[in-house]
Amino acid sequence: MKKMKISSIIISLTLLLLTSCSDFDELKLNENLPNSVPPSLLLNGALYDLHDEPFGSNERWCQYFLINYSYYGNNRYDFGAGKNYYTTLKNVEKIKDESSSLTEPEVKAYDAVAEFIKAYLFTKMSLEMGDIPMSEALEGVSNLTPKYDAQKDVFTQAFALLESANTELAELISAGESPLKGDFYYNNDLSKWQKLVNTYRLRLLIHLSKKVDDADLKVKQQFADIIGNPAKYPVMESANDNLQFTYIYPTNLYPNNPGNFGYDALRDNCSDTYVGLLKQLKDPRLFITSEPVRTLIDATHPATSFDVFVGANAGEDLGEMYNTATSGGYSLLNRYRYYRTYTGEPTLEVSYQEMCFNIAEAINRGWITSGTLGTAEDYYQAGIKTSMVYYDIPEAGNLTVHFFKAAASLSDADPYDDFTIAVDWNNYYNQPTVKYAGDNATGLTQILQQKYIALYRHSGLESYFTYRRTGVPSFGTGPGTGNNQKIAMRFQYPDNEKTTNTDNYNEALKQYNGKDDINGIMWILK
């Protein structure tokens with residue numbers, strides 16, 4: 001009898017366990033913690049990861065300014081690993097999962113923005129490194145060794161994502177739907193997102209200028225389809241459509257600010273690549289972004305003379321640059337503009353002014369004949385004028401500029417000297433060095449130079465990518481740039497790929513003769 005009771009108890013417990021197995025997943029959840037995330041919250045985080053802050057290695061590699069103090073870094077092109085955005089991309093996939101239970105318009109809105117983010121981040125990584133995992137990259141534990149997609153295939157997939165995003169956004173806009181949440185760039189305005197999608201596609205097509213005859217990519221046709229059909233493919237119409245990151249105190253501080261003034265303000269000086277070009281063009285933006293060399297100012301060379309601005313060559317030995325900079329021999333970042341507040345200026349990730357120069361380049365190259373603004377010169381002018389407006393430079397009139405006083409302290413009541421200079425668009429534009437020379441090689445160089453000036457402190461590595469593709473503007477090299485005085489052509493793959501994805505990693509290196517070579521030439525540049 002006792003044995004029977006024990007057996008009954010065992011059978012009962014077994015049945016209880018069997019009937020409870022289906023509830024195990026529920027039991028293991030901690031009800032005191034959230035077990036799902038709103039897609040708007042995931043989107044907010046992914047959007048944050050889109051921005052490239054100024055004041056770092058990217059700006060040195062674009063030769064906008066240079067570091068002169070070895071404790072904080074150098075100006076070398078000894079590239080290590082490129083950016084790894086795969087964690088962000090996994091969260092982007094999660095956005096789609098979390099939105100699946102929402103209404104159809106909400107699903108479509110989140111899906112469209114997620115497609116843009118995927119195209120944006122995958123192509124950024126490819127532009128840095130070449131072939132990268134894409135098609136199999138987000139399969140999770142089911143595939144821990146994803147293959148590397150050829151760079152051409154990365155761009156092909158990105159174009160498909162952008163085409164799909166444009167279509168989905170158009171359908172939502174046509175239906176009067178705006179169900180997006182969590183968007184701090186455009187405040188959930190889908191029409192601006194659609195313009196961004198197509199404007200970014202133009203950027204990618206410009207990156208393919210060496211592959212314009214590729215029968216599969218149809219670069220010219222894609223560009224012409226977008227520009228020729230603004231109803232289907234709207235693009236940015238003004239600076240109000242910019243994808244820009246705005247700094248907010250005390251949440252997100254501008255990288256240069258009063259808090260780090262004592263550490264950084266004297267340890268970074270202007271580059272001659274940037275300052276020298278502005279001096280050559282007698283460009284008033286120089287007075288907004290840079291400071292004069294005080295020792296060069298005299299009765300015939302005032303602070304507002306282009307002659308008193310001097311940038312360092314990026315190839316200069318770092319010790320020599322430090323000695324010259326600390327003795328006041330090089331222009332510094334304009335401390336009024338870049339250190340006076342904690343919120344600085346908005347950082348432009350994809351901008352109307354950049355788009356204008358990209359369209360001007362396409363017309364110059366003969367991909368299209370004109371756009372809604374007209375000729376290459378019309379877009380060229382629009383890009384310059386938009387950049388001037390960003391710096392509050394009037395077309396005609398007086399411009400007040402501010403330079404840090406020679407012996408001033410940031411704590412002084414008024415540490416800045418103010419100067420007034422006369423500016424006039426017609427005088428500036430009609431210089432032979434500035435006035436568009438036509439749809440020829442000289443005109444193309446002018447477009448690329450003005451694009452370089454307009455992207456100062458913006459858009460991450462875009463100016464480096466443009467130099468790498470075109471050689472404009474001419475970058476300085478020497479002992480200070482390392483890499484045998486060469487500008488590196490690519491970033492290396494992340495170190496963990498060597499051990500966790502060995503076979504695919506080694507297969508990818510065949511494009512660089514078996515080495516993870518920073519001087520290797522990726523497909524897009526051949």
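Trainee: What makes the crossing of α18 and α19 left-handed?

Mentor: A crossing is left-handed if the near helix is turned anticlockwise from the far one by less than a right angle, and right-handed if clockwise. The crossing of α18 and α19 is of the left-handed kind. Helices here are DSSP runs of H or I with at least four residues, strands are runs of E with at least two, and both are numbered from the N terminus. This is a predicted model, in which local features need pLDDT of at least 70, side-chain atom pairs count only at pLDDT 80 or more, and totals for chains, interfaces and linings use all residues. Residues are numbered from 1 along each chain as its sequence is written, and side-chain values use heavy atoms, with hydrogens and water left out.

Trainee: Why are α18 and α19 called roughly antiparallel?

Mentor: The axes of α18 (residues 441–454) and α19 come within 10 Å and cross at roughly 160 degrees. Axes are lines fitted to C-alpha atoms, for helices over the stretch in contact, with angles from 0 to 180 degrees between N-to-C directions. Angles under 35 degrees count as roughly parallel, over 145 as roughly antiparallel, 65 to 115 as roughly perpendicular and the rest as oblique. The pair α18 and α19 is therefore roughly antiparallel.

Trainee: Is Asn483 buried or exposed, and how do you know?

Mentor: Buried means under 20% relative accessible area, exposed over 50%, and partly exposed in between (1.4 Å probe, protein chains only). Asn483 has 9%, so Asn483 is buried. Asn483 sits in the loop between α19 and α20, and its phi is near 50 degrees, a positive value in a residue other than glycine.

Trainee: Why is Lys218 called partly exposed?

Mentor: Because its relative accessible area is 40%. Lys218 is in the loop between α8 (190–207) and α9 (219–228). Lys218 also has a positive phi, about 50 degrees, although it is not a glycine.

Trainee: What makes Tyr263 exposed?

Mentor: The relative accessible area of Tyr263 is 51%, so the residue counts as exposed. Tyr263 belongs to helix α10 (residues 261–264).

Trainee: Which residues form a nonpolar surface patch with Tyr263?

Mentor: Tyr71 and Tyr72 do, and the three together have about 400 Å² of accessible area.

Key: Patches are made of residues with over 30% relative accessible area and no salt bridge: like charges are joined within 9 Å, nonpolar side chains (Val, Leu, Ile, Met, Phe, Trp, Tyr) within 5 Å. Accessible areas come from the Shrake-Rupley method with a 1.4 Å probe; for residues, only the protein chains shown count as cover. A salt bridge is a side-chain nitrogen of Lys or Arg within 4 Å of a carboxyl oxygen of Asp or Glu.
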